[in-house]
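Please read them beside the sequence and the coordinates.

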There are 2 protein chains.
Amino acid sequence: MDSLVLSRRDLDFLLYEWLDVTALTARERFAEHGRETFDAVLDVCAHMATELFATHNKISDQQEPHLVDGRVVLPAEIGVALQAFAGAGLLCAGLDASLGGMQLPAVIEKAGFAWFMAANVATASYPLLSMANANLLLAYGSPEQVDRYARPMLTGRFFGTMCLSEPQAGSSLGDMRTRAVADGTNWRLFGNKMWISGGEHELAENIIHLVLARIEGAAAGVKGLSLFIVPRYLLDAKGNPAIANDVCLAGLNHKMGYRGTVNTLLNFGEGRFTPDGSAGARGFLVGQPGQGLACMFHMMNEARIGVGLGATALGYTAYLHALAYARTRLQGRPQGSRDPAAAQVPIVRHADVRRMLLAQKSYVEGGLALNLYCARLVDEQRTGEPGARREALLLLDLLTPVAKSWPSAWCLEANNLAIQVHGGYGYTRDFNVEQFWRDNRLNAIHEGTHGIQALDLLGRKVGMQEGAALALLVERVRRTIAAAPAVLSDQAALLTRWFDRLLEVTAVLRDAADRQVALANASVYLDAFGHVVLAWIWLEQGRVAAVGEQSDAHFYAGKLAACRYFFSRELPKVGAMLDLLEGLDDDLIRLQDDGL
Amino acid sequence: MDSLVLSRRDLDFLLYEWLDVTALTARERFAEHGRETFDAVLDVCAHMATELFATHNKISDQQEPHLVDGRVVLPAEIGVALQAFAGAGLLCAGLDASLGGMQLPAVIEKAGFAWFMAANVATASYPLLSMANANLLLAYGSPEQVDRYARPMLTGRFFGTMCLSEPQAGSSLGDMRTRAVADGTNWRLFGNKMWISGGEHELAENIIHLVLARIEGAAAGVKGLSLFIVPRYLLDAKGNPAIANDVCLAGLNHKMGYRGTVNTLLNFGEGRFTPDGSAGARGFLVGQPGQGLACMFHMMNEARIGVGLGATALGYTAYLHALAYARTRLQGRPQGSRDPAAAQVPIVRHADVRRMLLAQKSYVEGGLALNLYCARLVDEQRTGEPGARREALLLLDLLTPVAKSWPSAWCLEANNLAIQVHGGYGYTRDFNVEQFWRDNRLNAIHEGTHGIQALDLLGRKVGMQEGAALALLVERVRRTIAAAPAVLSDQAALLTRWFDRLLEVTAVLRDAADRQVALANASVYLDAFGHVVLAWIWLEQGRVAAVGEQSDAHFYAGKLAACRYFFSRELPKVGAMLDLLEGLDDDLIRLQDDGL
């Protein structure tokens, strides 16, 4: 049976037929690799995700994290799955051999990780956070910090968190109030952190919190923030957890989805623990004072692509579930047939069900392609020639808000359609699709909301370096259009038309006298920009599919059908958005709050 | 504090300023009524919904119906609320005084009921089903059936259900297999019914199932279906429940939302009970053999408007929650202000939050207006002059698929945006908006899916009686356009443009050589038709708001802002849909299933 988790065939298409990932093995960093090792990793991920992660996805939705005698209790299956994940070396799949890593390209690592997110996004978030935390320490930590905190996270002994939000400071990071007080060479922290995923549990020997806090006397706003390592247990000289630090669990958040990821409110320096006789959570400064947010944002592109990939994975598995259901569920007869004695047909035969399935396919395969394209840019940024590195970073900066937001909106819509295909059954917990929808709803909120991504794109990225990133995208898109095969000439023409229109409207917004008015509809701009980018990604996929081998004709025909679907039914949606943006409508600004 | 359940101010606007509901009191049936009695009913509904229904909405989401010793256990609050509802006479609010009813207009009854659905849609579904059941018996039952079964439902002694779906027959009603075997003057039924809301519980002395079944030897398909009363307990001569009928609970369905409504799989004639010595659920034929579906469909317009109103109510309460949150939650500073020491502002000050709130407002106030307009048509159909009755029924038939589907899609989007306004908090169960979203997701599925509504609209309603219903809508829309005030002349022009375009495309679809191709995109047609109808409804509201009194200027300014919002940001979406439809795209039909 075909997998209901993810499509290996599609991954192979994207990685090998489109992104030519094997070419990376010509580079020194990846010289030990080849198609065989890449395939082996993908096989392991598929197998482990299917056998150890998907199998407890519903269990951890139903047995939500809860407290017993003050300790967080999680389903045992989570720990088993994560030990296997760590045991397979996947926590450091992309890292240097000197760190025990496999030196895999980011694009393979992400493709492999997509299996885990599709199978069980809540369990997958523990390693995701630990890896992000460790990577940040590898980039900014001292050698001692790397040894004591990062290395144990890479073997799964310790887990990690990211502590940014506070109850009164979510999107507005500059309003964080957590304080850091000097204490000899180190620091004591006091404050409350909200929405901390993996903030407390017994899955590992220790939990390493990376905490943004303001050193007493530092500037207000984001410039006054510094980054600290705050371990749950302070380490002894040998690096073993020894003494409880002054970090305590103030509560668990009960979410609509993503339930297997324990989400916490943590109090730092509450005084419940006094590790060396006084209150205050002991912290160790990472990098320089005032550089906290810069450190965090260094990892932001990858973290946001990770969110987009998770949103895609949830939509993708839902699509596969809907497709399998539609092929087996019998209901009704072909349109126009009125003989009630005739046999019922599988619902995949009904036009409206096919519409929903094609829409899902265009969203999830498009989202996956975009996210892997971005991961491929990460590899280029790290291992390419200097010019290519610069370009890859520029393009990555520009595409990241789209890679995060577009799947969070449209692969959620794929989840919605997957429920609809299932009818009443899809609304029950006997089937899986309702959970995927609930889980995916988080992705438009965390790691920067949709509105925050929109301001990032229109307010920063599009205009940065005098439009250099956008100019680069123009070049790439034009290249794709020029290379489009004859069977996709209509689609190439449509992309030309709408991309030009997007650039025209972008110029209007750039030149607007009132920047506040130009930015008021940033979300609409993000939506339009996203759909145009996805049309480009679909034309890229179509270009490759058009020359696909006859031996797998159904697969390529499906790609081309989804490509055409996106151009005929999705891309035209940007027309109304761009018209609105061009008008520089200030209705949102003029509106009186009292009228709402 | 303003209500978070529903807006009485908006209801007053719709009922009295727009629909001129008091004019109905000139009719004999409503002669006892006046603004005072209408207001009193609305007051009671608002109060009872707020104090008895909203208060256990979260409880019944958390304490899902479950079995204890074979009996369905529900939170006690549900029973208390429903007794109060029955005690206030609301089960027969619209019925004849001779039946103990208040003879209220349907439009007032629905406006009152909207309070209950907004407060607690799951609890409200019990009286909704009982009323639908009783109304059907009043229309088609014998006088004895009315006395024995309908009357006790109108006082709340008995509750009712509708048993249509079977595990293998949902949208395809003609494939029902439940059999009815003659047994003297009555019948014995055998079969399984799925998705039966309120199918078993201990809230009432008895449950009266209305069951569609096929009399042995009857035709295949829908024409062979007949309707039967199947009580849970057979009545003695005095009408008291006496003997267990052969109906048994085969299982509870566990849903994503609407959890307080116990949803069951029922087995009829399984033989667990043998009321008079043999298996088979005793049933009593309603109306004539073979008329089962016709009886059910007689009530369909009202049932579907009820679903649309429920979807609207869930979106509406979510909007009010989001608005209240946005006015109090402090986060960030005005766009362009870079002083981190300045005070944070309520998020309602941010353009993107205002965009989300205005979108919600345009969806939920639009949905409520449409549904009450339809309810007003029900009154016209029942109590108007003969010509007006005929017109009202025509228009109602045409608008019903929109009244059901449009709020199920767009007020669900209002729920989605309400979560987004709340940020991370909205994703938790500490707040209410995530439940509203889960609850509302059902409405696009039950009482005919979105796709079924689309086929109803395009395949039947638009063309019926040689387009008479559509012609009537044309006349009404033109009248609205002609009456538009100068401040809404742009909107009137836009409605003219898009309505003409809709008619143009409708003609193309009507004249298409291949009906299968014309119907393949029926869902797109429903979406486009719905948005144009809502634009008309918004221009109607705008027309009235434009002459609103200065003493309540904020309210009218808000109406006009939402009206303009709908025209500038929603209506233009139909352009791409209509272009697609005009092209008679047959991609969905040509598609090979293997490519999905």
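1. Strand S4 (residues 179-183) of chain B pairs with S6(B) over two bridges, in the parallel sense. Arg179(B) stands opposite Arg214(B) in S6(B). Two strands count as paired if DSSP finds at least two bridges between them. Helices (H or I, at least four residues) and strands (E, at least two) are DSSP runs, numbered from the N terminus.

2. This is a predicted model: local features need pLDDT of at least 70, side-chain atom pairs count only at pLDDT 80 or more, and totals for chains, interfaces and linings use all residues. Residues are numbered from 1 along each chain as its sequence is written, while chains are lettered from A and ligands numbered from 1 in the order in which they are written. The pLDDT is the predictor's confidence in each residue, from 0 to 100. For chain A the mean pLDDT is 96, and 100% of its residues reach 70 or more. The predictor gives the complex an ipTM of 0.98 and a pTM of 0.98.

3. Back to S6(B). Strand S3 (residues 158-163) of chain B runs parallel to S6(B) and is joined to it by six bridges. Met162(B) has Leu210(B) as its bridge partner in S6(B). Strand S7 (residues 225-231) of chain B pairs with S6(B) in the antiparallel sense, over seven bridges. There, Ala213(B) stands opposite Ser226(B) in S7(B).

4. How many of the residues of strand S6 (residues 206-215) of chain B are buried? Ten of its ten residues are, and the strand is mostly covered. A residue is buried if 20 or more other C-beta atoms lie within 10 Å of its own, exposed if 12 or fewer, and partly exposed in between, with C-beta atoms placed from the backbone.

5. Now chain A. Strand S6 (residues 206-215) of chain A is mostly covered, with ten of its ten residues buried. Six bridges link S6(A) to strand S3 (residues 158-163) of chain A, in parallel. Phe158(A) stands opposite Asn206(A) in S6(A). Strand S4 (residues 179-183) of chain A is also parallel to S6(A), through two bridges. Arg179(A) stands opposite Arg214(A). Strand S7 (residues 225-231) of chain A pairs with S6(A) in the antiparallel sense over seven bridges. Val211(A) has Phe228(A) as its bridge partner in S7(A).

6. Helix H9 (residues 300-328) of chain A has 29 residues. From first C-alpha to last it reaches 42 Å, close to the 42 Å expected at 1.5 Å a residue. The expected span is 1.5 Å times one less than the number of residues. H9(A) is largely enclosed by the rest of the structure, because 24 of its 29 residues are buried.

7. Next, helix packing in chain B. The axes of helix H5 (residues 106-119) of chain B and H10(B) come within 7 Å and cross at roughly 145°. Axes are lines fitted to C-alpha atoms, for helices over the stretch in contact, and angles run from 0 to 180 degrees between N-to-C directions. H5(B) contributes Ala106(B), Val107(B), Lys110(B) and Ala111(B) to the contact. Residues from H10(B) include Asn371(B), Leu372(B) and Arg376(B). By class, the contact residues are six nonpolar, one polar and three charged. Ala, Val, Leu, Ile, Met, Phe, Trp, Tyr, Cys and Pro count as nonpolar, Asp, Glu, Lys and Arg as charged, and the others, Gly among them, as polar.

8. The contact between the chains takes 76 residues from chain B and 76 residues from chain A. Two residues are in contact if their C-beta atoms, placed from the backbone, lie within 7 Å. The largest share of the chain B side, eight residues, comes from H18(B). That side has 29 nonpolar, 28 polar and 19 charged residues.

9. Where does Pro340(B) lie? It is in the loop between helix H9 (300-328) and H10 of chain B. Pro340(B) is partly exposed, because 16 other C-beta atoms lie within 10 Å. Leaving aside neighbours within four places in sequence, Pro340(B) is in contact with Gly174(A), Ala220(A) and Gly221(A).

10. Is Gly87(B) buried or exposed? It counts as exposed, with 12 C-beta neighbours inside 10 Å. Gly87(B) belongs to helix H4 (residues 76-87) of chain B.
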